[in-house]
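Here are a few friendly notes to read alongside the model. Take them one point at a time, with the structure open beside you.

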Amino acid sequence: MIRSEVAKKPEESAKSLPNSGPEPSRRFCVAPMMDWTTPHFRYLARLLSRRALLYTEMVTTGALIHGDTDRFLRHDPMEYPLALQLGGSDPRELAHCAALAEQYGFDEVNLNVGCPSDRVQNNMIGACLMGHPEKVAEGVAAMIAATSLPVTVKHRIGIDGRESWEELCHFIETVATAGCRTFIVHARIAVLEGLSPKENRDIPPLKYDWVYQLKARYPELEIIINGGIKTFDECHEHLRHTNGVMLGREAYHNPWLLAGVDETFFGEPAPVTSRHDVLRAMLPFIEQELERGIYLTHISRHLMGLFHGQPGGRQFRRHISENAHRPGSGIEVILDALAKVRTPSSELETAS
Ligand SMILES: Cc1cc2nc3c(=O)[nH]c(=O)nc-3n(C[C@H](O)[C@H](O)[C@H](O)COP(=O)(O)O)c2cc1C
């Protein structure tokens with residue numbers, strides 16, 4: 001059952017003004033990833049790039065409506081531009097949650113039509129909805145009617161048994177007719193029977209050309225490409241054929257990559273010049289979170305990739321792994337770990 005009134009937004013957890021800015025650029029996006037793109041990782045990502053569009057982890061409409069709404073929607077205003085990803089298919093519930101997204105100050109609301117897990121399939125959430133384009137269209141139309149935020153859809157190029165080009169075009173056309181103009185396309189099918197979610201991110205082959213062909217066929221739509229992208233050179237190549245790129249695992253495992261985004265894709269100066277500075281800039285936030293009773297490990301696990309490939313990086317990670325979980329661990333664990341990596345020269349380290 002839907003609550004009759006949308007929960008009130010607490011002042012401290014969201015923007016004080018409703019979102020009224022221009023639509024965020026999707027030229028470079030960081031993918032929604034459960035347990036990974038938490039508020040703590042997003043804080044780090046935002047220190048590294050002002051312009052990358054960040055996505056939350058997926059939150060189901062059921063959890064938002066029946067659970068602790070504030071906890072699920074909590075974020076720091078410094079995370080903007082930020083998109084909320086929803087999982088669900090009931091139009092009334094989706095509409096309600098899209099309105100919540102606006103009330104809490106998000107910049108976009110995105111519908112997950114790509115997650116292949118069994119758990120969500122049973123509730124008609126995620127990739128299984130690719131087999132029900134009309135249902136997705138109904139949900140999207142309800143969301144659009146409930147919010148002035150951009151409503152976008154993240155999906156696969158197909159699911160097992162429905163993997164033809166014609167079916168993909170039918171999906172896009174049906175959902176576009178409902179008013180969606182931005183499609184984030186993970187360029188592989190999802191196999192709903194027999195592959196785990198992890199395998200579903202690696203085993204079905206990537207077909208970037210299908211995504212390029214979507215853009216060519218529907219030039220009026222905004223098409224963002226996702227799946228297996230690791231370098232800026234690859235991004236540049238994809239941007240010749242699509243409107244934007246979305247990176248998931250590479251952005252998480254090698255977040256320093258994000259430090260090059262503003263300069264490379266937006267022609268703006270990089271906000272930080274070294275990994276050390278980024279980590280130091282995070283310290284007040286980490287302290288504030290510890291004071292709220294958050295365990296250090298919940299934050300520090302998202303920092304592990306920062307010194308990826310750097311001299312001392314392994315010692316940095318080892319120190320955190322061995323110490324952050326100890327009772328009462330605080331900021332000194334991070335400072336001691338930081339002391340294990342060489343201080344860089346003052347020039348901007350090159351993000352690759
Ligand atoms: C740990 C993890 C959790 C994920 N959770 C979500 C999710 O909540 N919603 C979603 O749409 N995709 C989710 N994905 C898929 C990513 O958004 C992305 O589509 C996929 O990883 C392919 O992009 P990549 O090769 O750049 O990582 C997840 C991926 C990972 C690795």
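1. A word on terms before the helices: axes are lines fitted to C-alpha atoms, for helices over the stretch in contact, and angles run from 0 to 180 degrees between N-to-C directions. Helices (H or I, at least four residues) and strands (E, at least two) are DSSP runs, numbered from the N terminus. This is a predicted model, where local features need pLDDT of at least 70 and side-chain atom pairs count only at pLDDT 80 or more, while totals for chains, interfaces and linings use all residues. Residues are numbered from 1 along each chain as its sequence is written.

2. Look for helix α14 (residues 313–323) and helix α15 (residues 331–338), whose axes come within 8 Å and cross at roughly 155 degrees. The two are therefore roughly antiparallel to each other; that word covers angles over 145 degrees, with under 35 counted as roughly parallel, 65 to 115 as roughly perpendicular and the rest as oblique. The crossing of α14 past α15 is right-handed, where right-handed means that the near helix is turned clockwise from the far one by less than a right angle, and left-handed means anticlockwise.

3. Which residues of α14 and α15 make the contact? On α14 they are Phe316, His319, Ile320 and Asn323, and on α15 Val333, Asp336 and Ala337. Two residues are in contact if their C-beta atoms, placed from the backbone, lie within 7 Å. Four of the residues in this contact of α14 with α15 are nonpolar, two polar and one charged. Here Ala, Val, Leu, Ile, Met, Phe, Trp, Tyr, Cys and Pro count as nonpolar, Asp, Glu, Lys and Arg as charged, and the others, Gly among them, as polar.

4. Now find helix α4 (residues 91–103) and helix α6 (residues 133–146), which pack at an angle of about 35 degrees with their axes 8 Å apart. α4 also passes α6 in a right-handed crossing. Among the residues in contact are Ala95 and Ala98 of α4 and Gly139 and Ala142 of α6. By class, this contact of α4 with α6 has nine nonpolar, one polar and two charged residues.

5. The domain assignment, automatic or from a database, gives domain 1 (22–266) and domain 2 (275–338). Their C-alpha centres lie 29 Å apart, and each domain brings twelve residues to the contact. On the side of domain 1 that touches domain 2, α1 (39–48) and α10 each supply at least two residues, and α1 gives the most, with six.
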